[in-house]
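Open the model in your viewer and keep the selection tool ready. The tour makes two stops.

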Amino acid sequence: MGHLLDEIRGMNDIKRIDPSDYKKLAHEIRRKLVRTVSETGGHLSASLGVVELTMALHLTLDFPEDKLVWDVGHQSYAHKILTGRADELFTLRQYGGLSGFPDVRESEADGFCVGHSSTSISAALGLAKARDLNGGDEKVFAVIGDGALSGGMAYEAMNNAVEAKTSLVIVLNDNKMSIAPNVGGMSNYLGQIRADRRYRSLKNKVEDTLDRIPTVGVPLANQIRKTKDSLKHLLLPGMLFEDMGLTYIGPIDGHDIGSMREAFEAAASMNDETVLVHVVTRKGRGYHPAEEKPDLFHGIGAFDIRTGEPYEGGDDASVTYTDIFGEWLLSRGETEENLVSVTAAMPDGTGVTAFAEEYPERAFDVGIAEEHAVTFAAGMAAGGLRPVVSIYSTFLQRAFDQVLHDVCNVGYPVIFAIDRSGIVGRDGRTHQGVFDLSYLLPMPGMTIISPMDADELVSAFDFALSVQGPVAIRYPRGEAYLFDAERYSDDASDESDECMDENGRPAFSMGKAEVLTHGREVVIFAVGDMVKTALEIRDELEDEMIRVTVVNMRFVKPFDEELVRELASGHTVTVTMEDNVATGGFGERIGAFLENEGVNVRGFLPVALPDEFIPHGSREELIQAYGLDAATVAGRVREVYKKAR
């Protein structure tokens with residue numbers, strides 16, 4: 001007997017599958033997801049949990065005319081399979097392959113490009129109003145997870161949807177079982193009744209008839225409505241949404257395709273109403289390791305299918321900057337009693353879990369609410385605490401206004417631990433941390449530190465504790481680099497013992513850089529992770545008698561103006577290196593400084609990323625593709641040096 005997936009070659013092909021085969025198709029989809037993600041890595045548990053939900057949606061909607069907007073997109077893998085991308089799934093998150101998120105450039109069936117949470121209702125509402133104004137009749141559905149409802153944007157959108165008077169269906173995918181006690185029995189019965197068109201028709205007719213009866217009709221109808229609402233408050237878990245003005249259906253078993261189809265079709269038929277259909281799913285369903293550890297399989301690298309264990313040597317195998325930050329936070333928690341941790345639904349990802357377990361009263365996970373996290377931290381700083389806000393670079397940009405106005409405006413001493421700065425890798429365009437320097441540099445009073453290695457990361461956070469103002473410390477994803485000081489000992493800066501730290505490196509001083517090697521022809525001012533590459537360039541050019549001075553900038557703001565002025569004027573070529581986009585970044589800042597200072601720079605080479613969204617792929621592939629690898633930059637330095645001599 002052939003595989004049912006062989007019959008899914010394009011959009012809407014699922015409608016040719018016999019309903020008796022739906023269970024078999026769901027099994028085949030799960031098997032393909034597990035096999036694929038075990039090799040490519042990705043967001044597995046969420047995708048496994050929504051297989052039947054995705055099938056029910058595809059049986060209800062007609063693509064590409066109808067629009068389906070996923071929130072975040074972690075759960076969209078089954079959607080990709082059912083829209084004809086099954087044969088390409090092995091390229092998932094690979095350079096040049098399928099994105100790990102919905103992408104309108106990839107398929108017309110992807111209603112909207114997503115990557116950050118809590119956005120689906122806003123986007124879907126916009127699509128619905130565009131449909132109304134254009135005279136269309138397509139269905140518009142948004143799928144949002146219960147976790148995404150911690151983001152305020154979702155409530156802003158729901159509030160607006162009630163006023164918009166448009167046909168929109170919101171599917172709440174409740175996969176944390178947070179309302180599980182209400183599933184079954186009377187709740188299921190009430191949910192089925194409310195989804196029945198005959199019930200709604202009868203309800204409306206009874207209310208209209210009562211309203212037309214003189215004297216007693218309207219009071220009687222109002223009393224019935226009050227009684228009905230009181231019962232709903234007692235029995236239905238969706239009254240929050242009903243009280244907002246949304247029509248609520250559910251909760252419904254998110255693995256029962258028939259029940260979901262009935263609910264979706266009923267919801268779509270309610271003209272000029274925003275309807276919320278609540279479905280309950282289980283993350284990781286169908287693959288035991290993912291069911292047992294859904295958080296581990298939320299985002300995982302390649303793993304052994306038999307055991308569910310990640311392969312050694314994968315993304316999370318080595319000691320990372322995140323690990324080192326987590327250890328620092330835990331150790332300083334003992335001596336710094338006013339130190340508090342704030343994160344936005346990423347305690348494991350940002351490394352603060354151990355601190356939270358040791359000091360639960362001083363650890364705050366505010367959910368997917370980055371804006372609130374920052375202003376909340378500002379409030380705690382105003383109250384005398386020392387908050388450390390740990391957020392990925394790509395997510396901190398959502399709180400730009402709060403960092404600028406609520407922290408920097410007064411100068412509150414909030415420490416920002418900015419994880420995943422620079423090129424992140426396989427999560428692609430929406431997750432690369434290549435804009436943080438550009439959005440942080442203009443902020444008055446902000447100190448920005450970009451450590452070059454593991455030891456310096458610890459020193460940077462210790463230094464930040466002494467700063468009476470906001471400090472942003474940015475560091476990349478992945479294995480932590482450790483500078484080999486002995487290798488470059490003959491070239492090291494001549495510093496007195498009083499200025500050295502416990503690692504034999506110059507101690508941190510506000511705005512001061514560190515000279516790692518001395519040359520005469522080329523000076524490289526490098527930021528953070530680019531210092532390692534600068535040293536590799538130095539080694540390569542040294543063989544060609546092009547001697548290179550490598551400067552570890554440490555501080556991007558304020559930077560070491562005196563040193564930059566001195567070394568730029570004394571070398572033939574000045575190079576800046578950063579893992580940020582060019583516009584508004586470190587290189588642009590240095591170039592403007594040298595020009596304003598009237599420094600005669602014979603050759604200037606700013607090395608940065610182009611002003612583009614960086615696609616998905618391994619970090620190494622992307623570094624090379626965008627010319628930030630040592631060999632490519634060394635070649636560019638040679639060319640500039642030859643012209644400048």
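**Stop one: helix 6**

Select residues 152-164, which make up helix 6. At 1.5 Å a residue, these 13 residues should span 18 Å, and the end C-alpha atoms are 18 Å apart, so the two values agree. Bear in mind that this is a predicted model.

Now show side chains. A154, A157, M158, A161, V162 and A164 are buried. Look down the axis of helix 6: these buried residues fall within an arc of 160°, so they line one face of the helix. An α-helix has 3.6 residues a turn, so residues three or four places apart point the same way.

Turn to the other side of helix 6. E156 and E163 are exposed there.

What covers the buried residues? Select helix 5 (120-134) and helix 10 (239-244), which are among the covering elements.

**Stop two: the second largest pocket**

Move to the second largest pocket, with a volume of about 850 Å³. Its lining has 35 residues; select R477, G478, E479, R619 and E620, the closest to the pocket centre.

Which elements give two or more residues to this lining? Helix 1 (22-40), helix 21 (530-542) and helix 24 (619-625) do. Helix 21 gives the most, with four residues.

Finally, colour the lining of the second largest pocket by residue type. Eleven of its residues are nonpolar, twelve are polar and twelve are charged.

Technical notes
Residues numbered from 1 in each chain as written. Predicted model: local features only at pLDDT ≥ 70, side-chain atom pairs only at ≥ 80, totals over all residues. Heavy atoms only, no water. Expected span 1.5 Å × (residues − 1). Buried < 20%, exposed > 50% of the residue type's maximum accessible area, 1.4 Å probe, protein only. Arc of directions from axis to C-beta. Contact = heavy atoms within 4.5 Å. 1 Å grid on protein atoms, 1.4 Å probe; cavity = no way out; pocket = protein on both sides within 12 Å on 5 of 7 lines; lining within 4 Å. Points joined across faces, edges and corners; volume = space filled by probe spheres on them. Nonpolar A, V, L, I, M, F, W, Y, C, P; charged D, E, K, R; others polar.
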